[in-house]
Number of protein chains: 4
Amino acid sequence: MPNTFGHIFRVTTFGESHGGAVGVVVDGCPPRLRLSESDIQPDLDRRRPGQSHIVTQRKETDVVQILSGVFQGRTIGTPIAMIVQNEDARPESYSEVKTKFRPSHADFTYLAKYGIRNWQGGGRASARETVGRVAAAAIARKWLLEKFGIEVVAYVKRVHKIEAGKIPPHVNLKQVEASIIRCPDPTTARRMIALVERIRREGNSVGGVVECVARRVPPGLGDPVFDKLEADLAKALMSLPASKGFEIGSGFAGACLKGSEHNDRFEIRGGRIRTATNRSGGIQGGISNGEDIILRVAFKPTATLMQKQQTVTTRRRAAILQPKGRHDPCVLPRAVPMVESMVLLVLADHALRQKTIR
Amino acid sequence: MPNTFGHIFRVTTFGESHGGAVGVVVDGCPPRLRLSESDIQPDLDRRRPGQSHIVTQRKETDVVQILSGVFQGRTIGTPIAMIVQNEDARPESYSEVKTKFRPSHADFTYLAKYGIRNWQGGGRASARETVGRVAAAAIARKWLLEKFGIEVVAYVKRVHKIEAGKIPPHVNLKQVEASIIRCPDPTTARRMIALVERIRREGNSVGGVVECVARRVPPGLGDPVFDKLEADLAKALMSLPASKGFEIGSGFAGACLKGSEHNDRFEIRGGRIRTATNRSGGIQGGISNGEDIILRVAFKPTATLMQKQQTVTTRRRAAILQPKGRHDPCVLPRAVPMVESMVLLVLADHALRQKTIR
Amino acid sequence: MPNTFGHIFRVTTFGESHGGAVGVVVDGCPPRLRLSESDIQPDLDRRRPGQSHIVTQRKETDVVQILSGVFQGRTIGTPIAMIVQNEDARPESYSEVKTKFRPSHADFTYLAKYGIRNWQGGGRASARETVGRVAAAAIARKWLLEKFGIEVVAYVKRVHKIEAGKIPPHVNLKQVEASIIRCPDPTTARRMIALVERIRREGNSVGGVVECVARRVPPGLGDPVFDKLEADLAKALMSLPASKGFEIGSGFAGACLKGSEHNDRFEIRGGRIRTATNRSGGIQGGISNGEDIILRVAFKPTATLMQKQQTVTTRRRAAILQPKGRHDPCVLPRAVPMVESMVLLVLADHALRQKTIR
Amino acid sequence: MPNTFGHIFRVTTFGESHGGAVGVVVDGCPPRLRLSESDIQPDLDRRRPGQSHIVTQRKETDVVQILSGVFQGRTIGTPIAMIVQNEDARPESYSEVKTKFRPSHADFTYLAKYGIRNWQGGGRASARETVGRVAAAAIARKWLLEKFGIEVVAYVKRVHKIEAGKIPPHVNLKQVEASIIRCPDPTTARRMIALVERIRREGNSVGGVVECVARRVPPGLGDPVFDKLEADLAKALMSLPASKGFEIGSGFAGACLKGSEHNDRFEIRGGRIRTATNRSGGIQGGISNGEDIILRVAFKPTATLMQKQQTVTTRRRAAILQPKGRHDPCVLPRAVPMVESMVLLVLADHALRQKTIR
């Protein structure tokens with residue numbers, strides 16, 4: 001179960017951060033969708049390390065190869081397997097980690113769980129695992145756009161304590177990609193980049209908040225009770241490495257409003273039943289209501305630092321972890337396509353589920 | 001899928017808010033656990049409407065009956081079905097709702113999804129559905145305590161803008177139950193109750209934040225990648241009615257820290273590998289590390305108000321929704337056992353999953 | 001998992017053979033289907049013990065009650081829970097079984113699995129568990145008939161060594177119900193009944209074969225690879241108590257044909273693509289081809305005998321099991337609605353799955 | 001769902017018969033198992049085409065590559081992805097099939113299901129898909145042997161009308177592999193081979209029966225109700241291409257016995273509770289009882305013939321299908337490792353499930 005997501009549009013990822021390959025099998029993709037590697041690669045390029053000087057400098061070209069499920073340029077209803085080779089191995093960078101637990105990494109917990117671990121990098125806990133998610137979501141993106149016109153756009157809303165003002169709901173990919181920090185407000189973007197450059201020089205790291213909007217989601221997606229749309233979104237986004245919080249619509253701030261202030265009253269607008277406000281974030285009772293779905297995800301600062309840190313060894317001795325190799329001063333720019341990907345996977349699955357009902 | 005939660009400890013709830021019964025089938029409960037209705041009823045009583053003057057006054061005794069899966073006072077490994085009859089029907093209270101969509105309720109979205117709806121109350125979107133969850137979780141609670149010594153305690157951390165200070169991690173059930181608002185800080189509790197009494201008189205409602213701590217969770221629970229422990233907790237808690245946000249450990253505030261401030265360094269304490277701080281909230285890389293699991297859930301104010309509200313009808317006409325019947329000025333006290341229940345269901349499932357690995 | 005069947009039309013049964021109730025939760029039934037207890041009861045009556053003198057004489061009225069999921073006579077898309085009370089308890093009949101393993105019953109294996117068992121009857125291994133399956137399948141039957149015109153008819157093909165000749169594929173329920181043995185060939189039926197009467201007097205039991213035909217199944221149901229339609233049918237039917245074999249189309253006899261004799265050549269008939277013969281049994285490559293689906297299930301003689309039997313005790317001593325109570329000389333007449341039910345559950349699930357593809 | 005098998009030991013296969021690669025992802029394999037390609041390759045070599053003159057002559061080396069989940073020669077609890085490149089493509093062999101439906105192949109039903117199909121070979125309906133199953137099962141085989149001493153051995157019991165006598169239950173791999181037909185009775189094997197050679201020259205094909213025994217399965221595997229061990233075995237085996245029937249223990253012949261003849265009485269033997277006979281085939285009430293599990297699978301003759309066949313085109317015109325390329329006169333020798341593989345996958349999954357109970 002743990003490596004599979006979705007019930008109808010089912011995604012199974014595999015691969016560790018080092019050695020061999022990472023990849024994904026997508027089962028349940030509708031047939032007759034035009035598809036080739038060129039539909040997948042752009043999203044992988046947005047996720048790739050080394051794309052700018054403010055993210056990790058690991059060297060990976062991340063070229064995707066489709067192994068199955070596509071014939072003469074169209075999906076045929078069978079599982080679509082995709083792989084990306086791991087290139088930048090550097091096992092020597094990790095020799096110290098064989099015996100020392102890195103603070104706030106998964107070294108200790110993987111050993112506790114499995115009684116063994118792959119000390120050569122982050123294994124499955126590495127952000128490298130998200131290659132498979134992003135590749136799968138690129139297919140979901142294409143299908144959702146063609147079938148419903150659904151668009152999913154994420155962007156950096158906050159870095160450390162620098163927060164952008166309200167982003168207009170019609171923000172587009174081009175505006176997001178205009179800055180390497182992926183904040184569509186140019187003034188804030190510049191301040192964020194300056195901060196990350198400074199943090200990087202300190203060998204430190206910062207976290208922040210990514211916001212995501214899904215537009216033109218038809219009413220009726222999501223299931224009552226356990227598989228509420230916001231519940232599946234929460235799971236999807238809290239499964240991303242380094243995420244610490246999730247909120248939808250009014251979120252934590254909504255807990256400071258009264259009912260009379262929070263309720264979204266209905267009205268007729270453009271001939272359709274709409275809500276006058278959108279504190280619900282596009283979901284009511286677990287089911288989409290046709291308004292924009294809007295959510296936010298908090299990411300902690302990445303745990304690898306270019307600073308000495310106290311820790312313990314597998315033999316329970318105190319030790320100092322030396323700074324070594326590379327670090328990622330700010331995970332947020334690369335988190336943007338990851339957030340979009342998880343939202344896309346949830347929407348594709350629920351769109352297909354809804355076909356069993358209507 | 002939508003009405004089932006868990007992979008090994010599997011819980012399927014059924015029942016609408018009015019008519020018939022609500023209940024649950026628990027499949028996968030370990031055999032040989034002592035169990036009777038008296039293990040279930042106390043948690044149901046904490047969830048019950050009408051337990052104090054600051055919650056909804058619906059009249060339900062919520063007496064649970066075990067139909068199967070228990071023989072001579074012990075579980076036998078077969079599905080445990082439990083039901084609670086619905087008593088307080090009042091269909092006449094809902095006649096207006098046949099044709100008018102209640103703002104921020106699920107009336108509109110259920111109709112959009114299914115093309116039909118049960119207008120007699122909230123149906124499956126009602127908090128009444130959580131009867132089954134709480135009954136199932138009472139079994140999980142007993143098993144987790146006997147098997148691992150795990151304790152799960154939740155409490156009200158904030159009501160509207162009134163927030164309790166830091167609650168000690170060893171807070172216990174008695175301290176929580178000492179006030180009807182279920183905030184273990186007596187001074188803050190009094191202020192919260194006074195606020196809810198005033199809000200109630202206004203016919204309005206307020207939301208807030210529930211915090212929950214799980215103690216003595218062994219290291220190794222949770223799965224990497226999609227079924228990370230925090231991901232499953234997020235889904236579980238965002239599946240509760242009226243929840244709008246979830247955070248674990250440092251949460252959204254953690255996004256304002258630097259890596260050097262956020263990392264939990266390891267140390268040897270009491271002969272075990274421990275972390276000096278717990279910003280991770282007891283989970284690293286999706287797997288429990290043996291520290292307290294600590295999380296928070298934001299609840300919006302409930303949508304039913306004793307005030308007139310603008311809305312539209314099923315025939316797309318503007319209309320006024322009249323105040324009628326009862327309302328719940330503050331869902332938080334009853335949310336406390338619901339939050340505990342969802343945490344217990346996640347922990348029971350992952351504790352059983354871990355048995356397949358070690 | 002073990003008590004749930006299906007992915008979209010999901011059925012979870014509960015209840016032991018004695019005490020409490022037996023029942024089922026159906027999740028995923030399409031909304032807007034007219035439904036009441038009167039749609040369920042007839043199939044339960046065909047499954048009921050005591051319906052004729054050649055089956056077990058246990059006294060159960062098996063009156064079904066719908067607890068949820070239906071509003072104003074229609075399904076609303078939420079889980080449909082149904083229960084039937086157990087009436088004929090007789091715990092005293094089973095006192096001997098506390099300490100002696102009944103041959104070819106599940107007493108020994110349940111104890112091996114769970115370390116505890118309900119000695120009061122067959123528990124979940126009893127045919128009584130099928131009450132929930134038959135109730136759920138009655139809903140599937142109604143939906144499949146209304147939506148596609150699908151009809152599923154089973155009948156007794158063989159009792160011990162008495163086998164009916166070829167049954168015409170258009171055989172109907174009335175012809176099957178014309179005899180208490182449920183063999184639509186009247187002459188053979190009389191011989192079968194005479195045999196069962198004699199076997200009953202001997203305190204012995206006989207098995208046989210049930211054949212089932214599903215008509216008007218549209219092409220395209222079933223999934224390639226693991227969830228082939230015949231694979232899911234095999235699982236469904238081999239999950240019935242006492243079943244020992246399954247075959248589809250040509251079955252075991254087909255293994256004695258050459259390819260040139262076995263292949264079903266295509267032709268145009270009635271304007272549609274049809275096969276000239278139907279050795280495939282309506283399924284090719286795991287997917288229905290629009291021809292009649294035809295399958296057979298072998299049932300062993302029931303294990304309870306009115307004869308002394310050698311066995312051992314839970315303390316590993318040799319012992320004699322005394323004949324006591326009631327026995328079922330021939331499970332086949334009651335197996336007929338059980339077989340139909342399992343076929344209906346598989347077809348309903350795959351019909352809904354197919355909606356995710358086209 | 002359709003391309004995944006198992007709940008805990010989960011296997012997802014991918015890949016069409018031509019182009020790209022075939023492969024599998026195994027999720028849920030226990031950690032710390034020694035594993036390398038050399039554990040997988042021998043079973044793949046037994047499944048490989050072209051291994052003798054009596055099977056299909058397609059040219060594939062079927063060299064397996066492990067992409068993930070193994071570190072320093074041991075499994076680490078993460079998904080194990082394995083691929084095998086497709087080599088023998090020959091798209092030109094299939095040009096005729098673009099427009100003509102091959103009798104008793106899946107051409108027509110895939111088109112009916114998906115509205116599109118890969119005409120270049122059998123796609124997912126090809127036996128080539130079983131590469132992934134066999135590779136996954138080789139891991140299951142190793143784990144089951146090390147953990148429980150379980151051995152699974154299959155062999156050809158019947159070819160067309162030539163049937164071997166009773167095969168001793170302690171038959172071993174070497175005896176099976178002694179003949180290219182994989183029947184451990186040398187005299188019968190010679191007759192079977194002579195028959196297949198003749199059938200091959202005729203351009204025809206024959207089916208038959210494979211029998212399989214699983215030894216040293218501990219009591220307690222299998223779940224009551226829907227996931228009975230024999231039900232999951234039936235599904236597993238009926239999911240193999242060309243299978244038409246399944247039976248366990250006494251099977252169809254058991255339906256001709258009386259209860260007094262069929263019951264397996266218990267006795268103490270070698271200090272353990274055993275059954276004196278094994279008509280149950282090692283399973284009672286869906287749960288293993290510690291006796292040998294014994295089952296049989298009927299395979300129809302393969303559908304590709306070196307003879308002209310009547311059929312219709314996608315445009316509904318009558319047509320003649322010309323013999324072309326290669327055919328498989330007898331699928332049985334290669335079916336032997338496939339049958340073992342499916343039994344191994346079921347046993348591994350249920351062995352892990354049982355760990356959640358005891």
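Two strands pair if DSSP finds at least two bridges between them. Helices (H or I, at least four residues) and strands (E, at least two) are DSSP runs, numbered from the N terminus. Keep both in mind for what follows.

This is a predicted model, in which local features need pLDDT of at least 70, side-chain atom pairs count only at pLDDT 80 or more, and totals for chains, interfaces and linings use all residues. Residues are numbered from 1 along each chain as its sequence is written, while chains are lettered from A and ligands numbered from 1 in the order in which they are written.

Start with a single chain. Chain A holds 9 helices and 18 strands. Its radius of gyration, taken over C-alpha atoms, is set against a globule rule of 2.2 Å times the number of residues to the power 0.38. For chain A the radius is 21 Å, close to the 21 Å that the rule gives for 358 residues, so chain A is as compact as a globular protein of that length. Along the principal axes, the C-alpha atoms of chain A fill a box of roughly 65 × 50 × 35 Å.

How much of chain A is buried? A residue counts as buried if 20 or more other C-beta atoms, placed from the backbone, lie within 10 Å of its own; it is exposed at 12 or fewer, and partly exposed in between. Of the 358 residues of chain A, 66% are buried. Contacts tell of the fold too. Two residues are in contact if their C-beta atoms, placed from the backbone, lie within 7 Å. Take the contacts in chain A between residues at least 6 apart in sequence: 70% of them join residues at least 24 apart.

Now turn to chains C and D. Here 92 residues of chain D are in contact with 92 residues of chain C. The chain D side divides into 38 nonpolar, 34 polar and 20 charged residues. In these classes, Ala, Val, Leu, Ile, Met, Phe, Trp, Tyr, Cys and Pro are nonpolar, Asp, Glu, Lys and Arg are charged, and the others, Gly among them, are polar.

Between the chains, 3 bridges join E11 (residues 243–248) of chain C to E11 (residues 243–248) of chain D. One partner pair is Glu247(C) with Gly245(D). Within chain C, 7 bridges join E10 (residues 208–215) to E16 (residues 293–299). There, Gly208(C) has Phe299(C) as its bridge partner.

Helices come next. In chain C, 10 of the 10 residues of H6 are buried; among them are Glu230(C), Asp232(C) and Lys235(C).

A rotation of 180° with 0.0 Å of shift along its axis superposes chain B on chain D, at an RMSD of 0.0 Å. That is the relation of a two-fold axis. The superposition is by least squares on the C-alpha atoms of residues with pLDDT of at least 70 in both copies.
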